[in-house]
Each structure stands twice: as structure tokens, then as C-alpha cells.
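Try each one yourself before you read the solution.

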Amino acid sequence: MSLSITLIGGPTALIEIDGFRLLTDPTFDAPGLYQLPHVQLEKLEGPAVAADALGAIDAVLLSHDQHSDNLDRSGRAFLASAKRVLTTEAGAKRLGGHTEGLAPWSSTGLKKGGNTLTITATPARHGPAGIEPLSGDVIGFVVASSKPGSRPIYVSGDTTWFDGVAEVARRFDCGVVLPFAGAAQTRGPFHLTMDTNDTIETARAFADAVIVPVHTDGWAHFRQNAKDLRTTFDALGFGKRLKLLEPGVATEIAA
């Protein structure tokens, strides 16, 4: 399996796998303030790669559409240029166009040049138990190549560690995991995405996977960052499995 990942910023990463080009939660706006219905968010860093420099995208993997730190104004405009956009069922109804909605555990396929990717939607919970009426629907994704000997990739989407993530680990032998970390906090003293503890739990569940975190830097409401993950993983003996990406640099990942 050929795999390269480029961190664009925040939750946005370009995944190039066996000739396919996938983009997670597109955010390309400049730094600034973003007013949501109940909270104001502040973006601290712009994208490491501009949207118009990315080239053709086979599919956008959009964990959810309701928050500016996962889909901003420029990201919404970008969706029209992608061949396919995969997201939640509720999000597909809101976004319309060629957006496709997936329920957890449902799958779809991408085909190109004799290769196939199977993309399976996975459960996600954007905060503690009971958060769903506030956070809305969220999904993650498992990407599996048809090439012999390859192992799936897990993109968690905005979620904390919970039974749904554990079930992904039971169902799929993933070689690479992209946890959405950063310990995002907006509404109260609880996290909406994985903190260092959650990310360690995820690494333990996917016992030998390479851990490539995204959603760690670039917004004021992220309470932890990539350096915190490095410190934690090293202290607990998981350091060799943690791969931190330099923004804008395509990085080969050996699963």
C-alpha cells in the first residue's frame, strides 16, 4: 500500500493512497473570529496549503458540517470541486448537491485504474454522553484498499473515546489511525474531541497502528496540542508509534 498524508491545518489533511486523493474536513479560511449560534470560535492559523493548490480530490471525508472548525466558508465552496463528498445523512440533506450521506457501518466504494477503496462510516460522539442534541450527528471513516496485503486507515472524525471507537478497533485491523485530538472545549468543562488520555486509549485499542493525529493546533478552543501528545506518548511508552506531521509537507507513512 502506498500512503502519504499532508496536514493542511486543524482537521484538514490530504490522504493519498494507492492513486486516490482524499481530503478530510476542509477548512481553508484565514485566521479570524467565527460566530456559531451559541459560541464564538477563534482561528489562529491559516491553511498550510491553499485550496486551489490541492489539485483534483476523489472524495471529501466530512465528519460533520455544522461547526466552522471542521467546515468553514472556504471549505463549503471547495466541496463543489470534489468528485464525491461523504458525510452524515443529516449533513447531506443540509448541504445538498452531490453530497452523499452515510449511516454508521454503511459503506461505499471508489474505483480508479483497477484499484478500489471501500469507505465505511464509523460511529462518533462529539463530546460526553448526552451531547448529541447539542453537537449533532458526526461520523468517522475507515478506508480500505483492495490491494493485497494492505491494512485499513481509520479517520476518527470529531469524537472522544467511547464504545463506538472501541467497536471500530474490534471490527477493523487498521494499520494507520488519524485521531481528531486537541481536547476541544467550547461549552463547558468537558472535551468535544480526543484529549491525550483518549488518544492513548485509541492507540492501545489499535494495538500496532501508526497514530497520526490531526485537529491538534490552529484554534483557540483546542486545549491541548501536538506537543502534549508527544510528551504523553513518550512518557507512557507509546512514543515510537506516534507520527506528528509538519504542516504542508507530504509525509510517507509505513503501516
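**Exercise 1.** Is A183 buried or exposed?

*Solution.* Start with the ground rules. This is a predicted model, where local features need pLDDT of at least 70 and side-chain atom pairs count only at pLDDT 80 or more, while totals for chains, interfaces and linings use all residues. Residues are numbered from 1 along each chain as its sequence is written, and side-chain values use heavy atoms, leaving out hydrogens and water.

Next, the cut-offs: buried means under 20% relative accessible area, exposed means over 50%, and partly exposed is in between (1.4 Å probe, protein chains only). A183 has a relative accessible area of 0%, so it is buried.

Now place A183: it belongs to the loop between β13 and α5. Helices (H or I, at least four residues) and strands (E, at least two) are DSSP runs, numbered from the N terminus.

**Exercise 2.** Which residues does G182 contact, leaving aside its neighbours within four places in sequence?

*Solution.* First find G182, in the loop between β13 (176-178) and α5 (196-205). Then check its accessibility: the relative accessible area is 2%, so G182 is buried. Contact means heavy atoms within 4.5 Å. With the neighbours within four places set aside, G182 is in contact with T193, M194, H215, T216, F222, R223 and Q224.

**Exercise 3.** Where is V138, and what does V138 touch?

*Solution.* Look in the loop between α3 (132-135) and β11 (139-145). V138 has 6% relative accessibility, so it counts as buried. Skip residues up to four places away in sequence, and V138 touches S63, H64, T88, A124, H126 and D158.

**Exercise 4.** In what order do the seven strands of the open sheet stand?

*Solution.* Read across the sheet: β8-β7-β6-β3-β2-β1-β15, with mixed pairing. Two strands pair if DSSP finds at least two bridges between them. β8 (99-102) and β15 (251-252) are at the edges with a single partner strand each, so one side of each has no neighbour in the sheet.

Now step inside. β6 and β7 (residues 85-88) pair in the parallel sense over two bridges, and L61 has L86 in β7 as its bridge partner. β1 and β2 run antiparallel, joined by six bridges, with L3 opposite I17 in β2. Their hairpin has two residues between the strands, and G10 takes a positive phi near 55 degrees there. β1 also runs antiparallel to β15, with two bridges, and I5 stands opposite T251.

How many residues of β1 are buried? Seven of the seven are, so β1 is largely enclosed by the rest of the structure.

**Exercise 5.** Which residues have the most contacts inside the largest nonpolar core?

*Solution.* Define the thing first: a nonpolar core is a set of buried Ala, Val, Leu, Ile, Met, Phe, Trp, Tyr and Cys residues joined through side-chain atoms within 4.5 Å. The largest has 29 residues, and I5, I17, L22 and V176 have the most contacts inside it. Several strands supply at least two residues each, including β1 (3-9), β2 (12-17) and β3 (20-24). Apart from this core lies another, of 20 residues, with V168 and A169 among them.

Finally, turn to helix α4 (residues 163-171), where G164, V165, A166, V168 and A169 are buried. The buried residues of α4 pack against β10 (115-123), β11, β12 (153-155) and α5.
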